[in-house]
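The following note sets out comments on the structure as numbered points. Please read them beside the sequence and the model.

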Amino acid sequence: MEKNLFNSPQPEVNIMDSLFAEMVFDKALRDFQKKKIQKKIDQSLLDRNKREFLRLIEELKNIS
């Protein structure tokens, strides 16, 4: 039996799967970056480095 590729819903499913995968990846990347910055913020507090703390807070705001 021959399949008509023009009438097949397969590409729509693949596009939706691809978009969903991209959204999941982007969220995972943002979460990773936030945790990394939060660790640096904690270190800047321990070091009492106000300038670095303020810079990192702004960086965290830009990611959120």
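1. Salt bridges. The count of salt bridges in this predicted model comes to four.

2. Lys-27 and Asp-31 form a salt bridge through their side chains, with an N to O distance of 3.0 Å. Both residues belong to helix H1 and are four residues apart, about one turn of the helix. Asp-31 has a relative accessible area of 29% and is therefore partly exposed. Lys-27 is also partly exposed, at 44%.

3. The Arg-55 and Glu-52 pair. In helix H2, which covers residues 50–63, Glu-52 and Arg-55 are three residues apart, about one turn of the helix. A salt bridge joins the two, and their closest N and O atoms are 2.8 Å apart. Arg-55 is partly exposed, because its relative accessibility is 42%. Glu-52, at 26%, also counts as partly exposed; the buried class would require a value under 20%.

4. Glu-58 is partly exposed at 41% relative accessible area, whereas Lys-61 counts as exposed at 53%.

5. Backbone at Arg-48. Which residue other than glycine has a positive phi, near 55°? The residue is Arg-48, and its place is in the loop between H1 and H2. Most residues other than glycine have a negative phi, so this position deserves a look when the model is inspected. Arg-48 has a relative accessible area of 78% and is therefore exposed.

6. Nonpolar surface. Ile-15, Met-16 and Leu-19 make a nonpolar surface patch of about 310 Å². One of these residues, Met-16, lies in helix H1, which spans residues 10–46. Is Met-16 buried or exposed? Met-16 counts as exposed, because its relative accessibility is 55% and the exposed class begins over 50%.

7. Gln-38 and Leu-60 are 22 residues apart in sequence, yet their C-alpha atoms are 7.9 Å apart in space. Gln-38 lies in helix H1. With a relative accessible area of 39%, Gln-38 is partly exposed.

8. Overall composition. The protein has two helices and zero strands. Of its 64 residues, 9% are buried. The protein exposes about 6200 Å², and carbon and sulfur atoms supply 59% of that area.

Notes
Residues are numbered from 1 along each chain as its sequence is written. This is a predicted model: local features need pLDDT of at least 70, side-chain atom pairs count only at pLDDT 80 or more; totals for chains, interfaces and linings use all residues. Side-chain values use heavy atoms; hydrogens and water are left out. Patches are made of residues with over 30% relative accessible area and no salt bridge: like charges are joined within 9 Å, nonpolar side chains (Val, Leu, Ile, Met, Phe, Trp, Tyr) within 5 Å. Accessible areas come from the Shrake-Rupley method with a 1.4 Å probe; for residues, only the protein chains shown count as cover. Buried means under 20% relative accessible area, exposed over 50%, partly exposed in between (1.4 Å probe, protein chains only).
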